[in-house]
Each structure stands twice: as structure tokens, then as C-alpha cells.
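Here is a friendly walk through one protein model, strand by strand. Have a look at the fold first, and then we can go through it together.

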Amino acid sequence: MMSSAVTSQPHAIVREKHLSENVWIRKPKPGQQVLDKMSDLSDARHLHVHRNVKGTICSGKQDYDITDQDGKLMYKAVEDSNCCCVHCCGPARAYKIIVKDPLGLELLEFHRPVRCSDTCLCCCGCGLMRMRVTEACSDVVIGDVKQRCTFIREKFDVTELVENEQTTLIGPFVTCRCFANMTFQIVDDKNSEVGEIWKRWKGAPNGNLNEDHENFGVTFSAKTSNVMKILLLASAFLLVRTHVQ
């Protein structure tokens, strides 16, 4: 009887033993496990995202290569969305970006619900853009990117839940998919610019397709934490893909 009781409730017994000895078990912070797996972000000052063009969204998932300032492959990303949502909702569609390491291990998920992309029409609150970043295959939330209600320049609040750090993204006076180049300023809590999210037109290889959204990225300051770098990478997917695709 004693043996069966120990086997059926191992976690409860271990917990009582620790409490009786006044030993406290310190739980890791939310997202700490994935941060440990992405420690190579510490040396990154720039992340460049390039979409590998392989047919249409209906013929397969869209995948991306994420490299650092030296051209080293840091991560790969795959968009999980469906053909119907792409054609019916366009840039406002819901999707999930799965970020993996070069060996295919899933690390992060960027969740973007269906939202309107026109600020003037969406200040009711339910239409403002947002993205949530979680650990892959779990409900552990690392942080959020949320659009503010503004009428002149688009602004987004980037909040991470590990150290409760917050950053603001400020867009240009006009954001339009027709513009070849676009830049969002990254501003810290002291209103100092500490980086930027950008997309650049590099020209279409066949001279016909407008594929300026295939190349975009984010530049950080030297003091940017790894968890904030993750959220700014998610912001790049949210901002650039919303305005250009």
C-alpha cells in the first residue's frame, strides 16, 4: 500500500519534502527556455528576412531565411495560412509564423489574427493590428505587438513579458504598398531612436514581378535584449507583410 501511494503521487511527495526542508524551487521566467536556445541573438545587430519564392501560396507554404549582419543563417520561418484566407482577406488575413533553427527545431510562433490594415477605419479597437509571440507548441506568451489608434503616423507598442520592457514603433507619414522603401523607427522609453524596421526594393529577377516584400529586416542597438529582438522580428513580419502583400 505504501509503495502504490508513492507511485501514484510522486509530484506531491517531492513538493512536501522540499517544503518541509524550507527549500524553494525557483521556476524559470516565461520564455526563458526558448531564450536559452536562441542565445546566438546576443551577437546580432541586424536580421535580414528573405522570402524564398516557390510558386503561389496555394501550391505550398511560404518560407523565409533569416540571416544576421554577416550573412549567417540564423533561423528559418514558415507561414501557416490557407489559400482561401489569402485571396479573401489579402494583407488583413490571419496567419501564424513558425520560427525554427537551421536544423528544423521549432522555437517560436507569431500569431496574427484577422485585422483591418487601414488605421482610419479601424480605431474602434477591434480592427487594430496586433501580433502575439509564444514559445513553439505551447501557450507561454513572450510578448505582444499592438497598434495604437492614431490618424497621422502609425504607432505600435511592443511589450515583452519577461522583464516588462516596452518599445514603440513609429511609421512614416504615409504607408503604402506602392512605395518601394519603407522604414519604421524603433523608439525606447526615453524617446530615443534605437533601431529600425525596414523593407527595401532590390529589383525583380525577371523584371516583371513586384517582389519588394521579399526583402525586409530589423536593425537593433547594441543594448537591445534578446527577448526584445525576438519581438521586433515579429513586428517586422507584421508591419512589412501587412503593407505590401
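Strand 10 (residues 182–187) and strand 11 (residues 193–199) run antiparallel and are joined by six bridges. Within this pair, Phe184 stands opposite Ile197 of strand 11. Strands here are DSSP runs of E with at least two residues, numbered from the N terminus, and two of them pair if DSSP finds at least two bridges between them.

This is a predicted model, in which local features need pLDDT of at least 70, side-chain atom pairs count only at pLDDT 80 or more, and totals for chains, interfaces and linings use all residues. Residues are numbered from 1 along each chain as its sequence is written, and side-chain values use heavy atoms, leaving out hydrogens and water.

Strand 7 (residues 141–147) has six of its seven residues buried, where buried means under 20% relative accessible area with a 1.4 Å probe, counting protein chains only.

| Pair | Bridges | Facing residues |
|---|---|---|
| Strand 6 (residues 130–135) and strand 7 | five bridges | Thr134 and Val141 |
| Strand 7 and strand 8 (residues 155–160) | five bridges | Asp144 and Thr159 |

Strands 6 and 7 make a hairpin with five residues between them, and Cys137 in the turn has a positive phi of about 60°.

Now for the whole fold: 12 strands close into a barrel in the order 1-2-3-4-5-6-7-8-9-10-11-12, with antiparallel pairing.

Finally, Phe173 sits in the loop between strand 9 (166–170) and strand 10. Is Phe173 buried or exposed? Phe173 is exposed (over 50% relative accessible area), because its value is 59%.

Note on methods. Helices (H or I, at least four residues) and strands (E, at least two) are DSSP runs, numbered from the N terminus.
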